[in-house]
Amino acid sequence: MENVKAIVKQVIKIWRLYKTQQKMLTVTMGQEIPFSLRKLLSQDYMVCSLFKKEMANFYDALKCHMRDACILDSDSKTINIENPQGHFDLALAEIIGVHHKIIAEYDVLLALAENSDLNTSTLKQHRKQMALMIDEIEAQSNGAPAGEETMLL
């Protein structure tokens, strides 16, 4: 596999986006928000935690070309999350925006791994779940009940 280094870098990007998403969700859940939305965001937090752990495991399987501590390096910009109380619509838009970034990074990762011997089924499931979370959050933020066909982890 000639592009392992690019795949590893992509995994690190996704891991960091999950870390950012967790911080954003924590800040948003600290506000006064409707219970149904709080429940959905806490599910999203758990999904992000699980997927972040799985990406770390994926990284561990590929890290032969990178330093062991590379995933924990903070070479990305500092995460500064400020959201005034009562502006959870803005927070939801930011959360959805990070989900879109995560999906885009998965698309890049899947393209890099396309002709490799890597099993990408887990990555495809992660991407699908992020898209479902966007739908759920958008439905909650618009006040519409979430679709019955959506299954959260």
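## Helices H1 and H2

In this predicted model, helix H1 covers residues 4-29 and helix H2 covers residues 35-62. Their axes come within 9 Å. They cross at roughly 155°. Angles over 145 degrees count as roughly antiparallel. H1 and H2 are therefore roughly antiparallel to each other.

The crossing of H1 past H2 is left-handed. Sorted by class, the residues in this contact are 19 nonpolar, six polar and four charged.

## Helices H3 and H4

Helix H3 spans residues 88-113, and helix H4 spans residues 121-141. The axes of H3 and H4 come within 10 Å and cross at roughly 160°. So this pair, too, is roughly antiparallel. H3 and H4 make a left-handed crossing.

Which residues of H3 meet H4? Among them are Leu-92, Ile-95, Ile-96, His-99 and His-100. Further along H3, the list includes Tyr-106, Asp-107, Leu-109 and Leu-110. On the H4 side, the partners include Leu-123, Lys-124, His-126 and Arg-127. Met-130, Ala-131, Met-133 and Ile-134 of H4 also take part, as do Ile-137, Glu-138 and Ser-141. By class, the contact of H3 with H4 has 14 nonpolar, four polar and four charged residues.

## Helices H2 and H3

Now take H2 with H3. Their axes come within 13 Å. The crossing angle is roughly 30°. Are H2 and H3 roughly parallel or roughly antiparallel to each other? Angles under 35 degrees count as roughly parallel. H2 and H3 are therefore roughly parallel to each other. H2 passes H3 in a left-handed crossing.

From H2, the residues in contact are Leu-37, Leu-41, Asp-44, Cys-48 and Met-55. From H3, they are Phe-88, Leu-92, Ile-95, His-99, Tyr-106 and Leu-109. This contact has nine nonpolar residues, one polar residue and one charged residue.

Glu-94 lies in helix H3. Is Glu-94 buried or partly exposed? Its relative accessible area is 31%, so Glu-94 counts as partly exposed. Glu-94 and Leu-25 are 69 residues apart in sequence. In space, their C-alpha atoms are 9.7 Å apart.

Val-108 also lies in H3. Val-108 has 38% relative accessibility, so this residue is partly exposed. How many residues apart in sequence are Val-108 and Ile-7? They are 101 residues apart. Their C-alpha atoms, though, are 8.8 Å apart in space.

## The whole protein

The protein has four helices and zero strands. From the N terminus on, the elements run α-α-α-α.

The protein has 153 residues, and 42% of them are buried. The accessible surface comes to about 8,700 Å². Carbon and sulfur atoms account for 53% of that surface.

What share of the contacts with a separation of 6 or more joins residues 24 or more positions apart? The share is 75%.

Methods. Residues are numbered from 1 along each chain as its sequence is written. This is a predicted model: local features need pLDDT of at least 70, side-chain atom pairs count only at pLDDT 80 or more; totals for chains, interfaces and linings use all residues. Side-chain values use heavy atoms; hydrogens and water are left out. Helices (H or I, at least four residues) and strands (E, at least two) are DSSP runs, numbered from the N terminus. Buried means under 20% relative accessible area, exposed over 50%, partly exposed in between (1.4 Å probe, protein chains only). Contact means heavy atoms within 4.5 Å. Accessible areas come from the Shrake-Rupley method with a 1.4 Å probe; for residues, only the protein chains shown count as cover. Axes are lines fitted to C-alpha atoms, for helices over the stretch in contact, and angles run from 0 to 180 degrees between N-to-C directions. Angles under 35 degrees count as roughly parallel, over 145 as roughly antiparallel, 65 to 115 as roughly perpendicular and the rest as oblique. A crossing is left-handed if the near helix is turned anticlockwise from the far one by less than a right angle, and right-handed if clockwise. Ala, Val, Leu, Ile, Met, Phe, Trp, Tyr, Cys and Pro count as nonpolar, Asp, Glu, Lys and Arg as charged, and the others, Gly among them, as polar.
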